[in-house]
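Subject: Structure handover

Hello,

Here is the structure for you to look at. My notes on it follow below.

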Amino acid sequence: MAEQVTSLEELNQAVSGTSAEVEMEAPREPVRDEFGRAYATGKRKDAVARVWIKPGTGKFLIRNNKGEFIDYTKYFARPVLQMILRQPFQIADVEGQFDVQATVKGGGLSGQAGAVKHGISKALQLYDPSLRGALKAAGFLTRDSRVVERKKYGKAKARRSFQFSKR
């Protein structure tokens, strides 16, 4: 019969080998380019946002279809969408400390706002890894993977059937 394990410490050593073998995870390092910016890609629905952040005064520019950068309050005119874009900065408590440049393609305005928010959150945690905990707890680093369901053959839309006719 196998020998009895008497303490929790012995059980942990038996499961993981010796306690000296257990390695601590290395702390995360900031990821920045030669201009001192952090870059991340955010996605939501069919929208993809490329986001660059750098220390600054809180300037927030979105690149429109013509290739020119405009203020986010003009691109996302609805106050709800503007609030969504400010959320990562409020959670991380760094409002007005970073300049943002973003390019968005695909989807509608709501999906684009969600994609920029995801990109900002990822870029913030790459710029300053100490912000990761707050952003992760708020759920901003997780990609919302819901997308439009595809249309099936024999159906009017994804699930809607054609109208039934008895005669």
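L61 has Q101 in β5 as its bridge partner. Four bridges join β3 to β5, and these two strands run parallel. Strands and helices here are DSSP runs, numbered from the N terminus: a strand is E with at least two residues, a helix is H or I with at least four. Two strands pair if DSSP finds at least two bridges between them.

Please keep in mind that this is a predicted model, where local features need pLDDT of at least 70 and side-chain atom pairs count only at pLDDT 80 or more, while totals for chains, interfaces and linings use all residues. Residues are numbered from 1 along each chain as its sequence is written, and side-chain values use heavy atoms, with hydrogens and water left out.

The sheet

What is the order of the strands in the open sheet? The five strands follow the order β1-β2-β5-β3-β4, and the pairing is mixed. At the edges are β1 (38-44) and β4 (69-71), each of which pairs on one side only. On average, neighbouring strands of this sheet are turned by 25 degrees against each other, direction ignored. Angles of this kind are taken between axes, which are lines fitted to C-alpha atoms (for helices over the stretch in contact); they run from 0 to 180 degrees between N-to-C directions.

On its other pairing, β5 (residues 98-105) is joined to β2 (residues 47-55) by eight bridges, and the two run antiparallel. Within this pair, A49 stands opposite V104 and K54 stands opposite D99. Six of the eight residues of β5 are buried, so this strand is largely enclosed by the rest of the structure. Buried means under 20% relative accessible area, exposed means over 50%, and partly exposed is in between (1.4 Å probe, protein chains only).

Helix α4 (residues 109-127) lies across β1, β2, β3 (60-63) and β5, and runs at about 145 degrees to β1. Contact in this case means heavy atoms within 4.5 Å.

Most residues other than glycine have a negative phi. Which value does phi take in K45? It is near 50 degrees, a positive value in a residue other than glycine. K45 sits in the hairpin of β1 and β2, which has two residues between the strands. These strands run antiparallel and are joined by seven bridges, with A47 in β2 as the bridge partner of R44. K45 counts as partly exposed because its relative accessibility is 41%.

D93 also has a positive phi, near 60 degrees. Its place is in the loop between α3 (79-92) and β5. At 64% relative accessibility, D93 counts as exposed.

The largest pocket

The largest pocket has a volume of about 210 Å³. Of its 14 lining residues, the closest to the centre are R44, I84, G114, K117 and D144. A pocket is an open set of points on a 1 Å grid over the protein atoms alone, where a 1.4 Å probe fits, with protein on both sides within 12 Å along at least five of seven lines; lining residues have an atom within 4 Å of a point. Points are joined across faces, edges and corners, and the volume is the space filled by probe spheres set on them.

β1, α3 and α4 each supply at least two residues of the lining. The largest share, four residues, comes from α4. The lining divides into four nonpolar, five polar and five charged residues. Ala, Val, Leu, Ile, Met, Phe, Trp, Tyr, Cys and Pro count as nonpolar, Asp, Glu, Lys and Arg as charged, and the others, Gly among them, as polar.

Regards
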